Amino acid sequence: MVTEENKHSYELIIIGGGPAGLSAGIYAARGRIDTLLIEKLAMGGQITGAEKVENYPGFPDGVSGFDLTELMQRQASLWGLKTHTADVTGLAVDSNTRIVKTSDGDFLCHAVIVASGSARSKLGVPGEERLLGRGVSYCATCDGAFFQDEAVAVVGGGNAAVSEALALTRYARSVVLVHRRNELRATKVVQERLFSEPKVHVIWDTVVDEILGNDKVEKLRLRNAKTGEGSSVNVAGIFVATGLVPATEFATALLDMDQQGHIITNEVMETKVPGIFAAGDVRHDSAKQCVTAAGDGATAALRAERYLTTEVTR
Ligand SMILES: Cc1cc2nc3c(=O)[nH]c(=O)nc-3n(C[C@H](O)[C@H](O)[C@H](O)COP(=O)(O)OP(=O)(O)OC[C@H]3O[C@@H](n4cnc5c(N)ncnc54)[C@H](O)[C@@H]3O)c2cc1C
């Protein structure tokens with residue numbers, strides 16, 4: 001219900017400050033739409049964890065994920081995008097008003113772009129929760145420097161896992177990549193880099209059954225996925241990069257989702273609720289790349305602008 005207490009009011013609210021949200025923010029602010037971007041953590045999204053992004057157009061020598069999103073933020077803020085730090089916890093509709101519920105109260109608007117991306121999946125093994133922040137991490141760029149000259153493990157076989165393993169070689173004495181299959185899913189050029197890195201050793205066909213240690217990570221209990229044979233490896237850190245879960249819990253009651261929880265949209269980023277759009281990794285069938293997230297964000301902002309002009313009295 002919209003009441004007088006619901007004090008914050010905008011034309012457009014963007015949820016998430018990754019490449020999709022920032023791109024939407026640049027387009028919306030430049031379109032002179034009164035826009036607020038709400039981000040729960042630091043700006044930039046997942047890509048801030050990438051050592052080097054080599055496939056974003058315009059950067060022939062590559063660019064760190066952090067620098068790339070810092071440039072996006074600067075561009076958005078030069079156009080006047082307002083930002084706010086809060087955790088979005090719910091979405092609701094009241095006639096022409098869209099209500100964004102957050103840890104800092106309700107925010108009102110006429111259109112919403114959901115660009116909340118994904119978060120790392122958990123391994124779901126004993127020791128993971130207990131030793132979180134004590135050797136268990138989901139971000140090598142954030143925590144890698146704590147493991148100077150230590151042995152560490154990365155779990156996973158896609159681009160994120162390989163990228164994390166390579167990033168860790170800058171600090172760690174050795175890196176084991178534990179992968180449940182006998183081949184990696186990562187892009188070939190990234191695999192080649194991994195296989196030529198002497199500090200990295202891949203343990204194939206293997207899963208982690210338990211993370212062991214008293215008050216910090218000391219050892220992983222492993223199991224061969226084919227033979228069932230058990231083994232262990234001594235490490236001071238474990239970086240989990242096994243997959244992603246879409247950050248859409250706050251929207252489940254309102255929007256259509258696929259089985260994994262990605263938001264269903266049409267090709268112009270419209271969800272089933274008029275005035276609510278979704279962009280980037282959070283979307284069903286997204287290519288999960290920076291460039292596609294930024295493209296989605298641009299499309300969503302342009303469509304939101306059209307919606308605001310045609311469907312809502314401004
Ligand atoms: C290690 C790594 C390396 C990568 N390398 C590459 C690469 O080389 N090239 C490439 O193109 N892609 C790469 N990617 C993928 C790329 O990072 C993603 O495709 C891209 O970041 C998706 O952007 P997004 O804006 O859709 O979502 P995200 O980047 O996930 O951003 C979503 C934002 O929303 C925020 N958020 C979530 N829930 C809420 C909430 N409830 N309230 C408020 N805010 C919320 C999050 O904190 C986050 O900042 C890599 C990813 C990783 C992890």
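**Exercise 1. Threonine 271: buried or exposed, and what does its side chain reach?**

Solution. Start with the accessibility: threonine 271 has 9% relative accessibility, so it counts as buried (under 20% relative accessible area; exposed is over 50%, partly exposed in between, with a 1.4 Å probe and protein chains only). A quick note before going on: this is a predicted model, where local features need pLDDT of at least 70 and side-chain atom pairs count only at pLDDT 80 or more, while totals for chains, interfaces and linings use all residues. Residues are numbered from 1 along each chain as its sequence is written, and side-chain values use heavy atoms, with hydrogens and water left out.

Threonine 271 sits in the loop between strand E18 (244-246) and E19 (strands, E, are DSSP runs of at least two residues and helices, H or I, of at least four, numbered from the N terminus).

Now look for polar contacts (pairs of N or O atoms within 3.5 Å; within protein, one must be able to donate a hydrogen and the other to accept it, and residues adjacent in sequence count only if both atoms are side-chain atoms). The threonine 271 side chain gets to the backbone nitrogen of valine 273 at 3.2 Å, and one of its polar atoms is 2.6 Å from the backbone oxygen of isoleucine 276.

Finally, list the contacts (heavy atoms within 4.5 Å). Skipping neighbours within four places in sequence, threonine 271 touches residues including Leu255, Ile263, Phe277 and Ala278.

**Exercise 2. Work out how covered H1 is and what it packs against.**

Solution. Take the geometry first. Helix H1 (residues 19-30) has twelve residues and spans 16 Å from first C-alpha to last, close to the expected 16 Å (1.5 Å times one less than the number of residues).

Then count: ten of the twelve residues are buried, among them Pro19, Leu22, Ile26 and Ala29. Those buried residues pack against strand E2 (12-15), strand E3 (35-39), helix H2 (65-78), strand E8 (111-114) and helix H6 (290-311). Last, check what comes after: H1 is followed by arginine 32, with a positive phi near 60°.

**Exercise 3. Describe the shell around the ligand.**

Solution. Count first: 33 residues surround the ligand, and the closest are Glu39, Gln46, Asn55, Asp281 and Cys290 (a residue is near if one of its heavy atoms lies within 4 Å). Sort them by type: 14 nonpolar, 13 polar and six charged (Ala, Val, Leu, Ile, Met, Phe, Trp, Tyr, Cys and Pro are nonpolar, Asp, Glu, Lys and Arg charged, the others, Gly among them, polar).

Now the polar pairs. A ligand oxygen is 2.6 Å from a side-chain N or O atom of glutamate 39, and a ligand oxygen is 3.3 Å from a polar backbone atom of serine 118. As for cover, the protein hides 92% of the 1,000 Å² of accessible area that the ligand has on its own (Shrake-Rupley, 1.4 Å probe; for residues, only the protein chains shown count as cover). Elements giving two or more residues to this shell are H1, E3, strand E9 (118-120) and H6.
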